[in-house]
Each structure stands twice: as structure tokens, then as C-alpha cells.
Amino acid sequence: MTAVTSVPEHAFPSPPEPRLTPAEIIARAKAIAPTLIGRQAETERRTFYAQDTHEEFARAGFYRILVPRRYGGYEFGTDTFLRVAMALARGCPSTGWMYLFGAAHALAVATLFDERAQAELFSSGDFICPATVAPSGTAERTADGWVINGVWSYASGSPYATHFIGHTLVPQADGQPPAPLLFIAPRDQWKRLDDWGQQLGLKGSGSHSVAIDNGRVPDHFTRGFHMSQVTVTEGTPGRALHGNPEYGGGPLSFMLLELGALAVGMAKGALDAYEDLMLTRTTIYPPIVLRVEDPDFQLRYGEATGMISTAEAALLNGIQQWRDTCAEGPEAFTREQEWRLATISREVVRLCWRAVEGELFPTAGSSSVRHGDRIERVWRDMSTLHSHAGYAVVLKSMANRELTKARFNIE
């Protein structure tokens, strides 16, 4: 474990706005979100959000929320970060997705890497680092690091990224199975492929593939494990270095809570669009009244609102549980607790999907779910979320099995 640094606090750079508060940065996200709605089609065509949007996010401080304060970040924590991502996804699901999966991994880096690596990786203040969990490519040992080759798909957030986190498998001697290697490649060591945008939804999420051709990665930018299998019960380098319990939390459970935040944001966007229809469209059978005055539409709206509000409440409580577990100490963050938190996120996604797919989409009317209409887009984007490995594989099946095994101490 890395010891706490002895460098005096005044030696560290200040963030751009030293007095900025979590409430203010969340308010900025809520103010920006409505401006994203009218640009959704443009974002899908481009396959990622615009340069001026990226620059606005940078000015707002969004890319520094999880970066440690000693490196010029705000260190506002997971609750603030996920509330910002939720707000952005409410305006544009693709933009929220791309932002979240680009900025989220500052937490993993600040948790899992030592002081030397963090000082270099966070040197620019803003930190945008997509990550993929499926091992791919190859890694060849050198005197001071690794030569990496391969292609890693679904690197959401890659268009404006400063780094990339990938996994590969390293052959072992004596017939042992290959060992996982997590690596961080700086931007000058990889290129983004133009291979995104043909999926059903999330067409503007910047989830392109990353290709590395003889990329050089120093040894201190690697760890000999898979990010989803890290055990933090004995402490982490980041917890010791920063003195912040949130840099000692379980990376797996936080990654899975991220999907819940995106689902809530998307569903709230669909509900916003449905409200507009309630206030502007009429019923098609007598008595002809505004939908907001019709008992059937009132019922549908109330049902969806209840589900989405419950999902949001569960998500926020899950985030608080994650933070409380961090505060209890390293030993509290057991595998059982990690998987229990994951199942909360699964139910959040399920509730949001039931609200959109079961209540809002089918009653919005065929004229309101044409290609490019807001509810239609949310339906496509949430459908695509269901194909994400984190939900389709981990949350829907693996989480149940692993929680039960951890609870009853079954190998």
C-alpha cells in the first residue's frame, strides 16, 4: 500500500474554481441539459457530442469531479458525479452515456494506482479515460513496461479522451492459465476507429473501438488484475494517499451503479417528453379533451412517475450505501456488499424500463414515436442499454449467483 505523501498541501495545484461547490456543479449540469435536447440528432449523426459541448463541460468542471484535489481536481465524490451524469442523460442519453463512461474512471485510477502513476496520469487536471472490461490484444514484457497491441471495442467516451484503460491476458509459465493485466494507455499510444453509430440506440455515445499498435505502457501504468475482480478489504493505495474513504471503495459496484444513474436520467427525459404531449395533444375519441384532462392518460402518467421516482430514490440510497460502506473502513467492502449494491442498480434499470416501455412509449401515440422523436429515441437508447454487458450479463444473472455465493461462503 502507498504511504500518505509528505508533500505540503500548498504544493498541489488548485482547481480552476477553488470555491466551487457540489451544489453549484450539479446546477450547471441541470442548466446545460435542456440545451442538449435539440442537438440529439446532430449528436447521433456525428456519433459523439460536439466540440463546443466538450469545451462547455470542461469549463463547468465536469471532468474534474472525481479527480483528487491534490492534482487540481474537485474531489466532489460519487454522489455529485452521478447526479451530474443523470442530469445530462435526461437531456440527451447519448451525451450522458459518453460523458459518464469517459469521466468515471478517474475514481478507479485514484483508488488503484500509486502516487507516482497518479501524479503523471492526472497532470492535466481534466481526466477522460474510457475503459473496457473484455480482455483483448496482447502484452509483451519489456525492461521497463509493456508493448501493447490489439483492438478494444465499446470504449465509450473515446472521442475526447486523454487516456484509455484496457485489459489483456498475459501467458504464464508451467501451464498456468493466462493472467489478467489492466493497463492505462496515454492518448498518444492509441487511435480511435470510426466504427460507431450503426447500433439501434446510443448512436451518439462515442463508443468507438480503440486500436493500439506497438503502444508503450510503463510498468507503473499497469496492475496485475481485472478491474471487476479487485478486492479492497485490505485497503487501497488511493485511500492511503488521499485520506478519502471514497478512494477505497469497490470499483465493481460503482461501475454498476453508473448504469442505474443513466437509466434514471433517460427515463426522466422520456417523462418530460410525455408531459409535453399531455399538455399539447388531445384524445382521439370523444369527449375530445387535452390528454392531461383524460383519466386514462392521468393513470399512465401517474404510474410511470411512481416507477421513475422509486427508481431514483433507490439509486440515491444505493449511492449513499456505497459511500457509507467506504466510511466504515476497508473491511466493510466485502464481495457480498459489492454484489448487494449491484442488485439495487439492476432493479433501478428494471423500474425505469417498465415505465418507458410499458407506460410512456405505447401511449405516446404513433405520431410521437417516429424516428428522432424524443420518446422514440429514449426507447431505442434504453433498449441498447439492455444489451450492455454490465446489464445483460452482470446485473441480470451474475449478480444473483455471486451475491448468493458470497452470502453463504460458497466458492
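**Notebook: core and salt bridges**

I looked up I65 and found that, leaving aside residues up to four places away in sequence, I65 touches I25, Y74, E75, F76, G77, T80, F81, V84 and Y99. I note that the model is predicted.

I then turned to the nonpolar cores. The largest one has 126 residues, and I65 is among those with the most contacts inside it, together with F62, F81, V84, L88, Y99 and I212. Helix α9, residues 251-280, gives the most to this core, with 18 residues.

I examined R380 and E44, whose side chains form a salt bridge with an N to O distance of 3.3 Å. R380 belongs to helix α12 (residues 374-385) and E44 to helix α2 (residues 40-46), so this pair ties together parts that are 336 residues apart in sequence. I recorded both R380 and E44 as buried.

I checked R340 and E336, which meet through their side chains in a salt bridge at 2.5 Å, N to O. The two are separated by about one helical turn, because they stand four residues apart in helix α11 (residues 335-363). R340 has 35% relative accessibility and counts as partly exposed, whereas E336, at 16%, counts as buried.

Finally I inspected E42 and R39, which form a salt bridge with their closest N and O atoms 2.9 Å apart. E42 is partly exposed at 23% relative accessibility, and R39 is partly exposed at 24%. I also noted that a network of salt bridges links R39, E42, R46 and D52.

Key:
Residues numbered from 1 in each chain as written. Predicted model: local features only at pLDDT ≥ 70, side-chain atom pairs only at ≥ 80, totals over all residues. Heavy atoms only, no water. Core = buried A, V, L, I, M, F, W, Y, C linked by side-chain atoms within 4.5 Å. Buried < 20%, exposed > 50% of the residue type's maximum accessible area, 1.4 Å probe, protein only. Contact = heavy atoms within 4.5 Å. Salt bridge = Lys/Arg side-chain N within 4 Å of Asp/Glu carboxyl O.
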